[in-house]
Amino acid sequence: MDIIQRNFLSLLRCGAFDAHEQTEPMSEWKWNKLYQYSQIHGVTPWIADGIRKRSDDFYLQQVSPTLLQKFYDDTTARTEERENEELTNPLLNRKLQKLAEEAGPQDSTFSLLLDIIAIARNILTQGISLRQLIALGTTVRSHNRSIIYEVLTTWIAQLHMQQMAKLEGALLMELFDFDADEIRFTEASVTDKTKQVVQDIFQMTQKNASEWYFTQGRSIFVRTNDSDAMMWHVKHSAKYMHYYPSEAVTNFFRNFTHSLSHIEE
């Protein structure tokens, strides 16, 4: 992980979770690169909060006022809007809808399950969403007492998503310094595979962001003007399939069909 990525995650931890860390010195070019990362991942408001909280940091005081103002001017919404989540695997989705009927819309344990599912769907289709992980981490820390983790782990097992839940927990530990004891919905640990997944977060460049667009909803797919996006999705799905195989296959074919319909248009 290079210095831009380290400062990016350090400020994100500070802005989102009040972590106290020192900023490393960077050139103006690298600070601009960090700003691009924050824009691509939609987390600029948290980075701005991190900068405000460290206003006395010597190295942050070296950043130009013009660039700092770019961070402060961002009005991106901080909350993730989650629609009624469903799974593409018919058997698993029937189980999920039955759980929804039994739990009710105000159940905080079931709401956390939906957050975990939303992240899983996003990982299988688009990649890691830092915004979703921040929302998950915030819920885990702020609503910990209202969540019945014994029930939640049972639901995760019924939906066959234990490996995906472990990955999500490991990402909270690696990216945002959560302790294993805080992540009570799974037995997570950071491994070399976790670190490889983290590197995927920084593979999207500004060029990627301009070529690809995201269609949110029941089918989420990424596409560009040529066949590169299709090949990317095939490789991406194969890479993460083992984390949630029972959902990954049906998820891929639904989104593949959805993509073809757009290409035909």
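Trainee: What should I know before I start?
Mentor: The model is predicted, with local features needing pLDDT of at least 70 and side-chain atom pairs pLDDT 80 or more, while totals for chains, interfaces and linings use all residues. Residues are numbered from 1 along each chain as its sequence is written, and side-chain values use heavy atoms, leaving out hydrogens and water.

Trainee: How many aromatic pairs are in the whole structure?
Mentor: The search finds 9. Rings of Phe, Tyr and Trp (its six-membered ring) pair if their centres lie within 6.5 Å; planes under 30 degrees apart are stacked, over 60 edge-to-face, and the rest tilted.

Trainee: How do Phe 8 and Phe 202 pair?
Mentor: Edge-to-face, at 5.8 Å centre to centre with 80 degrees between the planes.

Trainee: Which parts does that pair tie together?
Mentor: Phe 8 is in helix α1 (residues 3-17) and Phe 202 in the loop between α10 (192-201) and α11 (206-211), so the pair ties together parts 194 residues apart in sequence. Helices here are DSSP runs of H or I, at least four residues, numbered from the N terminus.

Trainee: Are those two buried or exposed?
Mentor: Both Phe 8 and Phe 202 are buried, meaning under 20% relative accessible area with a 1.4 Å probe, protein chains only.

Trainee: Which residues are clustered with them by ring pairs?
Mentor: Tyr 37 joins Phe 8 and Phe 202 in a cluster.

Trainee: New topic. Where does the charged end of Arg 141 sit?
Mentor: Over the ring of Phe 178, 3.8 Å from its centre. The rule is NZ of Lys or CZ of Arg within 6 Å of the ring centre and within 35 degrees of the ring normal.

Note on methods:
Helix = DSSP H or I, 4+ residues; strand = E, 2+ residues; numbered from the N terminus. Buried < 20%, exposed > 50% of the residue type's maximum accessible area, 1.4 Å probe, protein only.
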